[in-house]
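The following note reviews the strand arrangement and one surface feature of the model shown below. Each point may be checked against the coordinates.

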Amino acid sequence: ECIGIDAGGTLIKVVYKERDEYLYQTFLSNEVEKLVKWINEWHPNAKLKITGGKQENISKLLHNPHELIDEFEATTIGIKEVLKRAELYLPEKYLLVNVGTGTSIHSMIGENSERLGGSGIGGGTLMGLSYLLTRQKQFEEIMLLAEKGKRTGIDLKVRDIYEGDRSPISGDLTASNFGFLERMTGEELQEDILACLVGMISEAVLMMVMPFAKAIESSTIVFIGSTFHNNALFKKQLQRFEDLFELKLHFPFNGQYSGAHGALLY
Ligand code: ATP
Ligand code: MG
């Protein structure tokens, strides 16, 4: 019996097979004792295939036989299984963007993959800035609030600068995230602040990955990572750019388990 474990900066993702079916589990990285208990109780003899930044940390806490696997290899192997299971058939060439605690960008060209770059702007940025701005710490709560928020009055749009005049780009585009100081009262609602934060992170990630998509001459971008798990707002914010930039964006089901799938298959 084998178990694939992707121990990331924030979440530990687990994939294993029982009666020919994949089963999934998630633990918080700062509650690693729960993972240890779960393995000791239910899978004491399983071989663990561990990837992610906290792989060493976890391997030291368990007595199971184990193998450590490179995070980027695991992710790029695992995405293929995730896409197959999601019945998502993509072109030979696409950009893979993992928005985890931080963000990592990979080119996928046939059988070859390469890490092209990354950014510190990711799911961790959402969590940290949410806390600093609103004192909210729960991912689900943050996203529920953000879904209810508006972006007018905090974000400065192109039309807010051009006012009545014709602008060279769509007036609906953001001219300056959190830039509408003139309108700010200090009484901004948490839900509006969080909506703007999700907007800023989505826009920053998209603008950062676009040149990479251009460089590999692909318009297909696949987003994975738990930041998008169950997260309609992030998807909606990103999808606004599909037509404008002629992109095709995908958010495959169970994409957050790519690393764990890849480790298991390795
Ligand atoms: P990295 O790959 O950068 O080391 P990771 O693998 O832990 O990190 P993911 O699990 O893909 O990263 O995504 C973590 C992000 O997912 C968090 O920063 C947060 O925005 C979001 N998230 C989703 N669900 C939760 C949750 N229950 N608790 C905390 N964060 C969550
Ligand atoms: Mg990760």
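1. Helices (H or I, at least four residues) and strands (E, at least two) are DSSP runs, numbered from the N terminus; two strands pair if DSSP finds at least two bridges between them. This is a predicted model, in which local features need pLDDT of at least 70, side-chain atom pairs count only at pLDDT 80 or more, and totals for chains, interfaces and linings use all residues. Residues are numbered from 1 along each chain as its sequence is written, and side-chain values use heavy atoms, with hydrogens and water left out.

2. Strand 1 and strand 2 form a hairpin with three residues between them. The two run antiparallel and are joined by five bridges; Ile3 has Tyr16 in strand 2 as its bridge partner.

3. On strand 4 (residues 47-51), strand 1 pairs in the parallel sense over five bridges, and Asp6 stands opposite Thr51. Five of the six residues of strand 1 (residues 2-7) are buried, that is, under 20% relative accessible area (1.4 Å probe, protein chains only), where exposed means over 50% and partly exposed lies in between.

4. Strand 2 (residues 11-18) is joined to strand 3 by eight bridges, running antiparallel. Here Glu18 stands opposite Glu21.

5. Overall, five strands form an open sheet of mixed pairing, in the order 3-2-1-4-5. Strand 3 (21-28) and strand 5 (66-68) are the edge strands, each pairing on one side only.

6. Leu132 counts as exposed because its relative accessibility is 57%.

Conventions: Chains are lettered from A and ligands numbered from 1 in the order in which they are written.
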